[in-house]
Amino acid sequence: MTFLELAKEVLRYCGYPMGYKEIWEKACELGLDKKLGSNGKTPHDTLSAQLYINIRDRGDNSDFILASRKPTTFWLRNEKENKSNVNLEIHKTNKEKEGFNERDLHPLLVSYLAASQAFRGLKCKTIYHEKNKKQEKGKDKWENPDIVGAYIPFNDYGQEVLDMLKHINSYTCRLYSFELKIELNFSNLKESYFQAVSNSSWANEGYLVVFREIDNEVLNELTRLNASFGIGVIWLKPEVLDSKILLPAKERNIDLDKMNLLSERNKDFCTFLSDLNKQITAGAKTQIVACFDRVLDTESGELEKYIRDKKILHN
């Protein structure tokens, strides 16, 4: 058995993207390390090097892909395509059954994020992957979050403090990424989670948002993944203001290369960054004309009417 064959066996067995050390540990647990001709002194480093070289040299012909960069995880190319087809069928079934689709839930999430004390009035924008520049089929789902958000501390501080932020090493805003699913179960859990890991490395915090109530066993697995990878989980409810954070996201450093790549490939994300920069430059007293998603009003019943019209019903 070769290192690459070992990696393939482990990834197929576990069914989700993994880091090279995690692959090696699972291989040892399964006894696959004993099938190698030679381990060397640092076998996990050898495994890492061979995976990187295989992806670099073989390109689209490699059996492996990089599912995420921070943290770096590897996945199987054909497995990703197969799972994408399965999820497409699941998506169609859910849409027929529920009468609404995932994008119909975006205004609910935007309203929650605007009203939630935890997020302090995020400015959000839906990202349409259809606007991506042409690239490998299916790749956009691993690059584009459903909704991006930014917190600008205009309402929390006086003008003197805001001016001081320009001169000290401190955040003037925070960036968030949200991947939204109608339902989460063991058939789509790991792909959904690592999709959120992959498409949120440009942000300070990444979240997986789920509309249907989450089973306790699924939540236990999400808790384990959260401890390792830091993606938070939000339960979005039809009673939008009752939505809650089940698992908080861990703060991380922003991947500027990923931010630049996404900005180059997707017009929506580029516009979001542009409007954000304009608003920060204009300051708290001037509201620019921006392409942020509109927040549906809860007091007038606008949001409630939207939920009725879209047939977004209670469980």
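User: Are helix 8 and helix 9 roughly parallel or roughly antiparallel to each other?

Analyst: First, some ground rules: this is a predicted model, where local features need pLDDT of at least 70, side-chain atom pairs count only at pLDDT 80 or more, and totals for chains, interfaces and linings use all residues. Numbering starts from 1 along each chain as its sequence is written, and side-chain values use heavy atoms, leaving out hydrogens and water. Angles under 35 degrees count as roughly parallel, over 145 as roughly antiparallel, 65 to 115 as roughly perpendicular and the rest as oblique. Helix 8 (residues 189-198) and helix 9 (residues 216-229) pack at about 30°, axes 11 Å apart, so they're roughly parallel.

User: Which residues of helix 8 and helix 9 meet?

Analyst: Contact means heavy atoms within 4.5 Å. From helix 8, L189, K190, Y193, F194 and V197 meet V218, E221, L222, L225, N226 and F229 of helix 9. That set splits into eight nonpolar, one polar and two charged residues.

User: Where is G230 found, and is G230 buried or exposed?

Analyst: Buried means under 20% relative accessible area, exposed over 50%, partly exposed in between (1.4 Å probe, protein chains only). G230 sits in the loop between helix 9 and strand 7 (232-235). With a relative accessible area of 5%, G230 is buried.

User: What does G230 touch, not counting residues up to four places away in sequence?

Analyst: With those left out, G230 touches Y193, G206, L225, A249 and K250. Y193 and L225 also belong to the contact of helix 8 with helix 9.

Technical notes. Axes are lines fitted to C-alpha atoms, for helices over the stretch in contact, and angles run from 0 to 180 degrees between N-to-C directions. Helices (H or I, at least four residues) and strands (E, at least two) are DSSP runs, numbered from the N terminus. Ala, Val, Leu, Ile, Met, Phe, Trp, Tyr, Cys and Pro count as nonpolar, Asp, Glu, Lys and Arg as charged, and the others, Gly among them, as polar.
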